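Hi,

Here's the structure I promised to pass on. Have a look at it first, then read on for what turned up.

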Amino acid sequence: GHQSRQVPVVMEADRTLKVTLSPTQTGTLSFRYFPASATVTVGGKTVSTSASNRVQVSLPVGKHRVVLSHGDRRRVEGFEIRADQTTNLATLTLED
């Protein structure tokens, strides 16, 4: 994947601009969660888990956070993604 970026450019007529795109480095986030009916948000986006309690998603390198919520309970976990590696958060649970 690539990151979107807009850069304003002012050019003279009959000039050419060369643009080089470089791929975004990514890694994988993997974890399970309970209760299975909880809502999972990674990087501000709700993750569809297809009625499973397992998450495995590709993310850009850097610091992120996962939010697990169910009713009035909420858990937030920070983590870091490294290039071409899997970050395993094991099992996240919401305490009563």
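Before we get to who faces whom: two strands count as paired if DSSP finds at least two bridges between them. With that in mind, Thr28 stands opposite Thr86 in S7. Six bridges join S1 to S7, and these two strands run parallel. Oh, and keep in mind that this is a predicted model.

Now zoom out to the sheet. It's an open one, made of three strands in the order S4-S1-S7, with mixed pairing. S4 (54-60) and S7 (86-93) sit at the edges with a single partner strand each, so one side of each has no neighbour in the sheet. On average, neighbouring strands here are turned by 20° against each other, ignoring direction.

Is Ser69 buried, exposed or partly exposed? Its relative accessible area is 23%, and because buried means under 20% and exposed over 50%, Ser69 counts as partly exposed. Leaving out residues up to four places away in sequence, Ser69 touches Ala38, Thr39, Arg74 and Leu94. Take Ala38: it's 31 residues from Ser69 along the chain, yet their C-alpha atoms are separated by 5.5 Å.

Last stop is the surface. Val7, Val9, Met11, Leu17, Val19 and Leu21 make a nonpolar patch of about 590 Å². One of them, Val19, lies in the segment before strand S1 (26-34). Val19 has 60% relative accessibility, so it counts as exposed.

How values were computed: Residues are numbered from 1 along each chain as its sequence is written. This is a predicted model: local features need pLDDT of at least 70, side-chain atom pairs count only at pLDDT 80 or more; totals for chains, interfaces and linings use all residues. Side-chain values use heavy atoms; hydrogens and water are left out. Buried means under 20% relative accessible area, exposed over 50%, partly exposed in between (1.4 Å probe, protein chains only). Contact means heavy atoms within 4.5 Å. Patches are made of residues with over 30% relative accessible area and no salt bridge: like charges are joined within 9 Å, nonpolar side chains (Val, Leu, Ile, Met, Phe, Trp, Tyr) within 5 Å. Accessible areas come from the Shrake-Rupley method with a 1.4 Å probe; for residues, only the protein chains shown count as cover. A salt bridge is a side-chain nitrogen of Lys or Arg within 4 Å of a carboxyl oxygen of Asp or Glu. Helices (H or I, at least four residues) and strands (E, at least two) are DSSP runs, numbered from the N terminus. Axes are lines fitted to C-alpha atoms, for helices over the stretch in contact, and angles run from 0 to 180 degrees between N-to-C directions.
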